[in-house]
Amino acid sequence: MRYSYAIILTILTGCIVPFLLMGDNRILLFTIPVSVGIIAWIQFKKKVIKPEHFLFFLLASTAIPHSILPGGLKVSISDLYLIFAFILLIIINQYKFNVPNTYFIIAIIYVTLATLSLIWAHNSSKGITRLFQYFEFMIITVFVFYNIKHVHYKKMLNGYVFISTILSLVAISFYIIQGGSGPVYMLGYHKNALGAVLGTSIPIILGLYFLSKEESTKNHLVKEKRKRFRFNLSIEQKVSSKKIYLICFTINIIGLISTLSRGALLGSIASILVLLFFIGKTKQIFIIVPLLATCISVYLYFAPSYLEQATAFDKFSSAYSRVTIFDDATKKINEHPILGEGVGNYSIEIPWINFSQDDPNNVFLLNLVEMGFIGLVAFILLILCIFIYALTNKKKHKYNNKIKILNAIFISTFTARLVHIQVDVSWVRGIGIFMFAVVGMLLALRKIDRVNKPIKSAK
């Protein structure tokens, strides 16, 4: 447990505190890794933590997608730490690239097609940033998290929940200060960026709750092999951890609602259904869904203005602007249906709301408009590959409940983001690292040996 406090100190010092202090001076993002590096070095020297423990912080840093634009590239805190982790893992693995072959073949094909699209793009320089992001998300991120030991996954997920819960508390405070009206814009977060973080935390917290219950049950089954006082302490700790997860779940739900991010809400609902399916608790769907519906109905009864804002569809609303963007993207797809306009070459301007954007608010439309039908097929194959891996893990580890729950957490959080980016531009604005981090960890579960069905002892 000693390094748990060290990791929390690192998160606070290297993530939250500098972010709160930097204000509009985004260049301070470059100084953050220095401060964290110094802290990590001191902890390594004093043997408080091991180098691999520092990787716990990487997943938590993805909850802060704010970026600066040096040389046209969007660089965030998580981008910088990802590079640090990549170099660290290369050294730990003695410069060996351990990767999941099938996934990487499809990902490399996709990135290669994206690169080739710059040949016929009207302005190839616009696609460099987008191409770099694709390579970072699909290749580097997956490599890094694929090579992190699965015994660290729970602590990494706890770090993300730690950040999201703090953000949620701040969002709730802003919501109350605003007189109970949304959406919430705070600490430089756009409502959809904040919603993406809080919405993704919902299936994580719920999954960790089930994981804690599983560990409690396992401790109970081996109680005869332990000393009495150690057993009682273990059960007490697990019960308290479950209570903490329930509190965090409630806080993040309220925070998510306050953001007024409809895409994040839809993503979190879809992710809960996927989580329960992969855990094998399909019956729980008939309990959780009505419970969520009741809570939302009660909230809407006491805050009717929320429903009015969430369903706003006038000419100046974000919902109406999406219809305009979808229509524009469809026309451009018809002009170049096979090869697209080239990566990074889509853009639209909506003058009556002083709005311009380089993404049609839908990841499938984005692939069609930029890379055409061929690029869309490659992207769909990549998504299918990820879900097939998740189904394979579910079947392989059906007798290993801990791994089964972790697999469910990863595919459900991936689903939350996948649903959200059907109505939002977060795909190309710093959110991709987390989305593919869970893919890397999901793929790594394949490396764990299968656990056979336990044989019942004869009485």
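Predicted model: local features only at pLDDT ≥ 70, side-chain atom pairs only at ≥ 80, totals over all residues.

## A nonpolar patch on the surface

The members of the patch are Leu-116, Ile-119, Trp-120, Ile-338, Leu-339, Phe-373, Ile-374, Val-377, Ile-380, Leu-381, Leu-384 and Ile-388, and together they have about 1,100 Å² of accessible area.

One of these members, Trp-120, lies in helix 5. Trp-120 has a relative accessible area of 36%, and therefore counts as partly exposed, since that class lies between the limit for buried residues, under 20%, and the limit for exposed residues, over 50%.

## The chain as a whole

The chain folds into 16 helices and four strands, and 52% of its 459 residues count as buried. Its accessible surface comes to about 22,000 Å², and 67% of that area belongs to carbon and sulfur atoms.

When contacts between residues at least 6 apart in sequence are considered, 78% of them join residues that are at least 24 apart.

In soluble globular proteins, nonpolar side chains tend to be buried together. In this model, the largest nonpolar core has 104 residues, and those that touch the most other members are Tyr-103, Val-144, Phe-145, Phe-410 and Phe-436. Helix 8, made of residues 191-221, gives this core twelve residues, which is the largest share. There is also a second, separate core of ten residues, and Ile-348, Ile-350, Leu-368 and Val-369 are among them.

Which residues is Phe-410 in contact with, leaving aside its neighbours within four places in sequence? They are Tyr-153, Leu-157, Val-438, Met-441, Leu-442 and Leu-445.

## Aromatic pairs and a cluster

A search of the whole structure finds eleven aromatic pairs. One of them is formed by Tyr-103 and Phe-104, whose rings are edge-to-face, with 5.8 Å from centre to centre and 65 degrees between the planes. Tyr-103 is buried because its relative accessibility is 0%, and Phe-104, with a relative accessible area of 8%, is buried as well.

Tyr-153 and Phe-410 also form an edge-to-face pair, in which the centres are 5.5 Å apart and the planes make an angle of 80 degrees. Elsewhere, Tyr-110, Tyr-134, Phe-364 and Phe-379 form one aromatic cluster.

How many salt bridges does the structure hold? The structure holds one, and it joins Glu-370 to Arg-130, with the closest N and O atoms 2.6 Å apart. The two partners come from distant parts of the chain, because Glu-370 sits in helix 14 and Arg-130 in helix 6 (residues 127-146), 240 residues apart.

Definitions and conventions
Residues numbered from 1 in each chain as written. Heavy atoms only, no water. Patch = residues over 30% accessible without salt bridge, like charges linked within 9 Å, V, L, I, M, F, W, Y side chains within 5 Å. Areas by Shrake-Rupley, 256 points an atom, 1.4 Å probe, with all protein chains shown as cover. Salt bridge = Lys/Arg side-chain N within 4 Å of Asp/Glu carboxyl O. Helix = DSSP H or I, 4+ residues; strand = E, 2+ residues; numbered from the N terminus. Buried < 20%, exposed > 50% of the residue type's maximum accessible area, 1.4 Å probe, protein only. Core = buried A, V, L, I, M, F, W, Y, C linked by side-chain atoms within 4.5 Å. Contact = heavy atoms within 4.5 Å. Phe/Tyr/Trp six-rings, centres within 6.5 Å; stacked < 30°, edge-to-face > 60°.
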